[in-house]
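Dear colleague,

Please find below the structure that I am handing over to you. My notes on what was found in it follow directly after.

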Amino acid sequence: IMLLTDPEVESSLLISSDEGATYQKYRLNFYILSLLFHPEQEDWILAYSHDQKLYSSVEFGRRWQLVHERVAPNRFYWSKMGLDKEPGLIHLETTEALYVTCKLQNCTDANKGKPFPGYIDPNSLVVQDEYVFVQVSTAGKPIYYVSAKRDVFTPMKLPKYTLPKDLHVISTDENRVVAAVQEWNQNETYNLYVSDTSGVYYTLALENVVSSMGPEGNVMVDLYEVAGIKGMFLANKKMDNQVKTHITYNRGRDWRLLQAPSKDLRGNSIHCVLPYCSLHLHLHVSANPYTSGNIDSRESSPGIIVASGSFGSELTASNVSVYITSDAGNAWRQVFDEEYAVLYLDQGGALVAIRHTPLPIRHLWLSFDEGRQWSKYSFTNTPLFVDGVLGEPGEETLIMTIFGHVSHRSEWQLVKIDYRSIFNRRCTEADYQTWHLHNQGEPCLMGVKRIYRRLKATSRCVMGKTYSVSMTSGPCECAEADFECDYGYERRTNGKCSPAFWFHPSAMSRSCTTGMTFLNSTGYRKVVSNNCTAGVSVEYTARRQQCPVLAPKGLHLVTSEGTLTATLGANVTFLVFLEEGDGARTSITLDFGDGHALTYSNVSSIEEGIKHIYRAVGIYRATATGENSLGSETTVLYLHVTCQLEYIHLSAPFVAVRNKEVNLTAVLWPSQVGTVTYIWWIGNNTEPVITLEGSVACTFSREGINTVTVQVSAGNTILQDRKAIAVHEYFRSHLLAFSSNLDDHNPDVAEWRLDVSRVIKNSLIQATGVREDQLLVTVLPGLPTAAEFFLLPDKLLTEGKPEKTSLSEVLLGALNQNLVQFTLRPGVQVTVYAAHLSAAPLVDTSENHSGSAMLMLLSVVVVGLAVFVIYKFKRKIPGINVYAQMQNEKEQEMMSPANPTEATPGSQRDLVHSLETLDTELNSRPIGKHSPCIILRISFVIICSLKVAFSPNPCYFRCLMLLLKPLSHC
């Protein structure tokens, strides 16, 4: 006996080896959530902990060993003797959605098995008898796979247009799968499908079976498998918005309604004529071991079924009575006109009934004749609120325990009832009789006549533990009722099976190999476990024929994960399937689309897939070609190879002119991640702009702070960055440089730049007295550290053009005199300078330019051209040195681009280097060869210089730099 302590108090096991006389405590270092005992080895236990770890014990819980971490709840199974290679094998699903097999005492990476290649859908692994089921979703569509007898996984073949939304395995006994499938057009009902022995090919058994949600959110299908009689099921089917109970004796091949009793409990006649009126049963089985469900049957009592229900045109929740059948559903009797819990005693030799009621009770009823007569017994002097009934282990028990409470505030009361004193003798052979199983008089069910040995209803004796159910059977000749429609065939109104409109009968021969044979279906297949012989067997049984020689057709290329994406640098497993053609003689060539290709001699050699690693991001056209002597076929898969997007940065100007175009750019890291979508929210626009390019242009019509947000979507990753842009009618700006010690302390992160910008602004205000609302400072990304200040319009002046020259001169004067300094940290004093990067004046974005300013700008252009010409012919004019001249002009102001993120303090060095390179190249080549290009370049230099002088757009500055590159760029 094993008891678990309360986990809120301690984590321990109490184990008794002397039937509960004494217990020994074993402390655990984990908290048990659930236990799974081995079906054959009674000392082997699996324990699942609260932290998703699986432990095993081979000493009935006295010692534990960790098997595996990160295991999905309720997705671990013991191996089955005769099917798995080792008795101590464990099947489990990890939280990473992988199907893994592990050795009980040695679950290492080297010993792990992966029966299914690739990932599966979470919580989809089911290991039941000789079948294993997994689910893989592709583009939102689930694909269900099955493995029979631990063989390779094969997609389950439901009728083509079933299109399942949900699937539950109901039964797997007798080498057959019964599955409940919710199809695309169903919401509250399921269709029942039955398989062949392989579990692959399914045909429809019953439509529109009712379902409901269980207490834990699980789906409960109204289907009940009767214990003790193979092939017998009860199901509630919805017909014209009415729920009716149906019964089958041949595994769903035929269904019929239940005949209602002819008399009620008081002996009055019941007029209930099929099909307008029938008996309907509630088929919910209790998940609580201490309470009975709405229906019950036992292996030890074949033919006896107790259920709650009602009769009429449909199943109702009102007027529920208890009914019993002694002949497997042919005839029913009403035994109570209220709901009762009925328990089996002595292997069905006696029945005990306790009323279902919220009121306290102190009586129960006992029957020895299969519910025909009931005797009333008192089990307590004080009425008890009954919470549950527990029978002793074993169906042969004559002892039961009732537990409940006297009042809602009292503790549980346990009442143990021993019925052994009621029986005065043991059963003899004379107390038994034979019972013939039949369906409305038809004795041949599932191809045999079954005769059971059962206790007579009039015998009042104890059968005891030595009793066992005995059955004899005799074969029947095969009839049409012993065969169901084969896969791809549907039963018509005349009862015949014909091909469905989507099915090609020749398709079943497509996968076989030339020289081999296949079974050519007649449209019928014998119901699994049906043992009929002779009769119409030859007419309905599939015929073996030679495989035809066919060209490859129906070639499929997919990834093992069923997706159209792959991760850069990771293994991609390609799977190739051939619907039609000789796989053994069809070669497969797979071109990965990146310059690599592989060829295989046949399809069977690549059953486990073809692995490949892509080294670059992109969209690849993977092509598979199947070819044999009769022809070839090609299929294509477009695979998106991506990498993880780690970081994005929105590059935008800090200040913009109202109604003037601004460029916004999203910078990605890494720069190539695959297919990317950009979503932009600009200013007050509530609707986003969606682009496939990382840059957009926009204008702002409203002065003030405008916010720009960009989201970048790459695969399953979405990252975002946001910038605030100050919009004004006009502004002036200038770049700032710093003493070199600042670079040693620049981590190049956004928060640091914001803090330093604030410090620089405060230092400028203190040194110059400029008002805070007229000044904006921002530190630019990158190294060496650079910044830019913006002189904004004076909001106190409402008329006329504000005069800003004096303020700009004050600011530049303070910067040139090293008056702007700040302390970054103790011992680190940073000086702020005005950057001198060009011969352009301070940027002025106002619309009106004075005559003197125009004259000055034109003069600058002329001087710039003169510098270029002199530099070109410097070897012919001794004594002139461009570098010295550039050094002497360091004190001149530079024109700052409107997008400050595009300019860096290294621009002057790039300009000089470009001039030198251009000069070297011109002097090394004949002049006549490039004269037209040189003239054209000089013309563009003049145009771009004028643009730079009159516009803050950085594009013109970059244009000028490109024109000064070497001649090979002409």
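Strands E15 and E16 form a hairpin with six residues between them, and Glu 174 in the turn has a positive phi of about 60°. Helices (H or I, at least four residues) and strands (E, at least two) are DSSP runs, numbered from the N terminus. Please note that this is a predicted model, in which local features need pLDDT of at least 70 and side-chain atom pairs count only at pLDDT 80 or more, while totals for chains, interfaces and linings use all residues. Residues are numbered from 1 along each chain as its sequence is written, and side-chain values use heavy atoms, with hydrogens and water left out.

Strand E15 covers residues 164-171 and runs antiparallel to E16, to which six bridges join it. Two strands pair if DSSP finds at least two bridges between them. Strands of a sheet pair through backbone hydrogen bonds, either parallel or antiparallel. Within this pairing, Ser 171 has Val 178 of E16 as its bridge partner.

Strand E17 (residues 189-195) and E16 pair in the antiparallel sense over four bridges, and Ala 180 has Leu 192 of E17 as its bridge partner.

How many residues of strand E16 are buried? Six of the six residues of E16 (residues 178-183) are buried, so this strand is largely enclosed by the rest of the structure. Buried means under 20% relative accessible area, exposed over 50%, and partly exposed in between (1.4 Å probe, protein chains only). Val 178, Ala 180 and Gln 182 point one way from E16, whereas Ala 179, Val 181 and Glu 183 point the other way, and all are buried.

**Other strands**

Strand E62 (residues 732-738) is also mostly covered, with six of its seven residues buried. E62 pairs with strand E64 (residues 786-791) in the antiparallel sense over six bridges, and there Leu 736 has Ala 787 as its bridge partner. Three bridges join E62 to strand E66 (residues 828-834), and these two strands run antiparallel. In E66, Tyr 833 stands opposite Ala 737.

An open sheet is formed by four strands in the order E11-E12-E13-E14, with antiparallel pairing. Its edge strands are E11 (126-128) and E14 (154-155), each of which pairs on one side only. E11 is joined by three bridges to strand E12 (residues 131-138), and the two run antiparallel. Gln 128 has Tyr 131 of E12 as its bridge partner.

**Cavities and a pocket**

The structure holds seven cavities of 30 Å³ or more. On a 1 Å grid over the protein atoms alone, a cavity is a set of points where a 1.4 Å probe fits but cannot get out, and a pocket is an open set with protein on both sides within 12 Å along at least five of seven lines; lining residues have an atom within 4 Å of a point. Grid points are joined across faces, edges and corners, and a volume is the space filled by probe spheres set on the points.

The largest cavity has a volume of about 130 Å³. Of the 16 residues that line the largest cavity, Ile 304, Gly 348, Gly 349, Glu 370 and Leu 455 are the closest to its centre. The lining of this cavity divides into seven nonpolar, five polar and four charged residues. Ala, Val, Leu, Ile, Met, Phe, Trp, Tyr, Cys and Pro count as nonpolar, Asp, Glu, Lys and Arg as charged, and the others, Gly among them, as polar.

The second largest pocket has a volume of about 940 Å³. Of its 36 lining residues, Leu 204, Ala 205, Leu 206, Glu 207 and Arg 491 are the closest to its centre. Elements that give two or more residues to this lining include E17 and strand E18 (202-213). The largest share, seven residues, comes from E18.

**Aromatic rings**

The structure holds 27 aromatic pairs. Rings of Phe, Tyr and Trp (its six-membered ring) pair if their centres lie within 6.5 Å; planes under 30 degrees apart count as stacked, over 60 as edge-to-face and the rest as tilted. Phe 336 and Tyr 340 form a stacked pair, at 4.0 Å centre to centre and 20° between the planes.

Yours sincerely
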